[in-house]
Amino acid sequence: MTKPPRKPAQPLLGEADAPLRGKPRRRRDPAQHQLSLDPMPTRIEPCLALLKPKPPKGRQWAFEVKWDGYRLAVHIEPSGVRILTRGGHDWTDRFPAIVAQAKRLPVSTAILDGEAVVFDELGRSDFGRLQQSLGGRGGKRTSWESVLMVFDILYLDGHDLTETEFTARRHLLEGLIPAGGEDAIRLSEEIEADGETLLRIACEHELEGIIAKDRNSTYRSGRYGDWLKIKCIQSDGFAIVGYQRSSAAFGNIGALLLAARKGADLVYVGSVGTGFKADEAMKLRATMEKIKATKPEVKYSGGRKNLIWVKPKLVAEIEYRAWTHDGKLRHPSYKGLRDAADNAAVYQFD
């Protein structure tokens, strides 16, 4: 018996010229488990470095250069970029170059932690130049010269990284911002050296100091010792409580009278008469004229003449070498006024 002819085989993928199509997808069941994304925080209080006299030892510590500028958090969102100061003030409009560079980074959402700086001719961060670029304390000028030295990443593409160990955060940051860039956002590089060697080199190059970070630490807001700062030259904020008037000095400021906090009180810690520039001194005296006080906020027995007392509303950044035996600053030099938006803190005695 003759077998009937076989039907021609169907092409494996249907008609040869027909476009390939997947099966229609069913609607997603709302009860089905979803991959969770972390909401982007509106603001994260910064992790602060604890001052130590010597670098720590051990492989758990990573070291970087200490930058001298304004601490900033850069929030990159689909709606745009926001730049917040340490005190939570919005300074987006004041750093246009950093904003433009942040928009070019290959991320959808991120929070970068770093320091805005202005470099001098030798590549050192200069706080005075940064302030000048912003128009001084309380100024409203935009700073095109500022560079953001980024040293941490706290949020990335829908994921909160604050509970992630520092080593993993650095790995993600280095993948986002490569080393050696010349843009307005640059990586603050980890330096492979022991702390004592790095501190010596930093001081020889007249840098402010170094930062040590615990590789195993999570990101904790506040000052807990996960990050340490070791300075070549001491530099802190002190309240201005008065000044000595002098017709021979810039702005007629012979010296500023300074105070630190001891408990709830202010205590006199000496005066500073160097480091002033003519234009800065004139602005400073004009500011102090508006906050004159009828009596001093501290106990004073220094014997200076022509003293003008002011309310302790201004915080001066002062460099100094050490403390004298009676609690006064040794070899102080004026660096500039800290801005309220930088959450300026007055030195606190233990």
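Biologist: Is the link of C203 and C232 left-handed or right-handed?
Modeller: The link is left-handed, with -95° about the S-S bond, and please keep in mind throughout that we are looking at a predicted model.

Biologist: And which parts of the chain does that pair link?
Modeller: The pair ties together distant parts of the chain, since C203 sits in helix α4 (residues 195-204) while C232 lies in the loop between β10 (227-231) and β11 (234-245), and the two are 29 residues apart.

Biologist: How far apart are their sulfur atoms?
Modeller: The sulfur atoms of C203 and C232 are 2.1 Å apart, and a search of the whole structure finds one disulfide.

Biologist: Are those two cysteines buried, exposed or something in between?
Modeller: C203 is partly exposed, with a relative accessible area of 32%, and C232 is likewise partly exposed, with a relative accessible area of 23%. C47, by contrast, has 2% relative accessibility and therefore counts as buried, the cut-off being under 20%.

Biologist: What lines the largest one?
Modeller: Its lining is made up of 14 residues, and those lying nearest the centre of the cavity are I44, P46, L72, A73 and T85.

Biologist: How do β3 and β4 sit relative to each other, then?
Modeller: They pair in the antiparallel sense over six bridges, forming a hairpin with two residues between them. Within that pairing, L72 stands opposite T85 of β4, and both L72 and T85 are among the residues nearest the centre of the largest cavity.

Biologist: What else does β3 pair with?
Modeller: β3 is also joined to strand β5 (residues 110-117) by seven bridges, and these two strands run antiparallel. As one example from that side, Y70 has A116 of β5 as its bridge partner.

Biologist: Is β3 mostly covered or mostly open?
Modeller: β3 is mostly covered, with seven of its eight residues buried.

Key: Residues are numbered from 1 along each chain as its sequence is written. This is a predicted model: local features need pLDDT of at least 70, side-chain atom pairs count only at pLDDT 80 or more; totals for chains, interfaces and linings use all residues. Side-chain values use heavy atoms; hydrogens and water are left out. On a 1 Å grid over the protein atoms alone, a cavity is a set of points where a 1.4 Å probe fits but cannot get out, and a pocket is an open set with protein on both sides within 12 Å along at least five of seven lines; lining residues have an atom within 4 Å of a point. Buried means under 20% relative accessible area, exposed over 50%, partly exposed in between (1.4 Å probe, protein chains only). Helices (H or I, at least four residues) and strands (E, at least two) are DSSP runs, numbered from the N terminus. Two strands pair if DSSP finds at least two bridges between them. A disulfide is a pair of cysteine sulfur atoms within 2.5 Å.
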